[in-house]
Amino acid sequence: MLRIGKGLAALAAGAVVALGLAVAPATAAAATAEGSCAGGVTGRLPRAQDQRFYVQCAGGVATVVACPTGQVYAPGPQLCDAPEQVRPAVATLVTAATAGPAKLNGLLFGVKNLSATVRIADAPAGLDGVPVTFTTVGGRTLCTAVTDQFGAARCDTPARLTVPLDEILRGYRANYAGIGGIYLGSSATAPVGLL
């Protein structure tokens, strides 16, 4: 369990990185959405859309800090800890076909525009940097993509598909496996049309 005293605000970003924590400056919009660091506030604030991070306020400046891999931020004691010590795993929601309909361009050219968005079930923000596997409804893997900062993932299948045409035309499934103890997995299906 990682415990950091109140002196963290005085540490330079390089010292925080030396502790094994990723640090990145927060944008003004992110700081406003996650809690205000204005007015010289010092301390830690939860990052509502993703508990793998927290906001460190030091003299009114907001910095987004990542908890060590596999841990989440606990606002009460203001430290990173094992997810099961902080809260139960959070439900996620996958929405498929978020970038428009997927289209089959013949078996030689594959399926274009497989897309999905992954987000925490009760929050508007997407989960960034998580893998999404696109399969046929029958379970054959078509392609895999990682979500962007908005939780969106998109990919095209390789050319020369060896999947039967009738299986492709039944649609596709976007699958997010989850992160053990932190986020539950989820999936959604969407149709595949012809170009």
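**Disulfides in the model**

Modeller: Both Cys37 and Cys57 are buried, where buried means under 20% relative accessible area, exposed over 50% and partly exposed in between, with a 1.4 Å probe and protein chains only. One caution: this is a predicted model, where local features need pLDDT of at least 70, side-chain atom pairs count only at pLDDT 80 or more, and totals for chains, interfaces and linings use all residues. Residues are numbered from 1 along each chain as its sequence is written, and side-chain values use heavy atoms, with hydrogens and water left out.

Colleague: What is a disulfide, anyway?

Modeller: A covalent bond between the sulfur atoms of two cysteines. Here the rule is a pair of cysteine sulfur atoms within 2.5 Å.

Colleague: How many disulfides does that rule give?

Modeller: Three. In sequence order, the bonded cysteines pair 1-2, 3-4, 5-6.

Colleague: Back to Cys37 and Cys57. Is their link left-handed or right-handed?

Modeller: Left-handed, with -60° about the S-S bond. The S to S distance is 1.8 Å.

Colleague: And Cys67, what is it joined to?

Modeller: Cys80, with S to S at 2.1 Å. That link is left-handed too, at -70°. Cys67 and Cys80 are buried.

Colleague: Now Cys143 and Cys155. Why is that disulfide called right-handed?

Modeller: Because the torsion about its S-S bond is about 70°. Cys143 sits in strand β12 (residues 141–146) and Cys155 in strand β13 (residues 152–155), so the pair ties together parts 12 residues apart in sequence. Strands are DSSP runs of E, at least two residues, numbered from the N terminus.

Colleague: Is Cys143 buried or exposed?

Modeller: Buried, at 9% relative accessibility. Cys155 is buried as well, at 8%.

Notes. Helix = DSSP H or I, 4+ residues; strand = E, 2+ residues; numbered from the N terminus.
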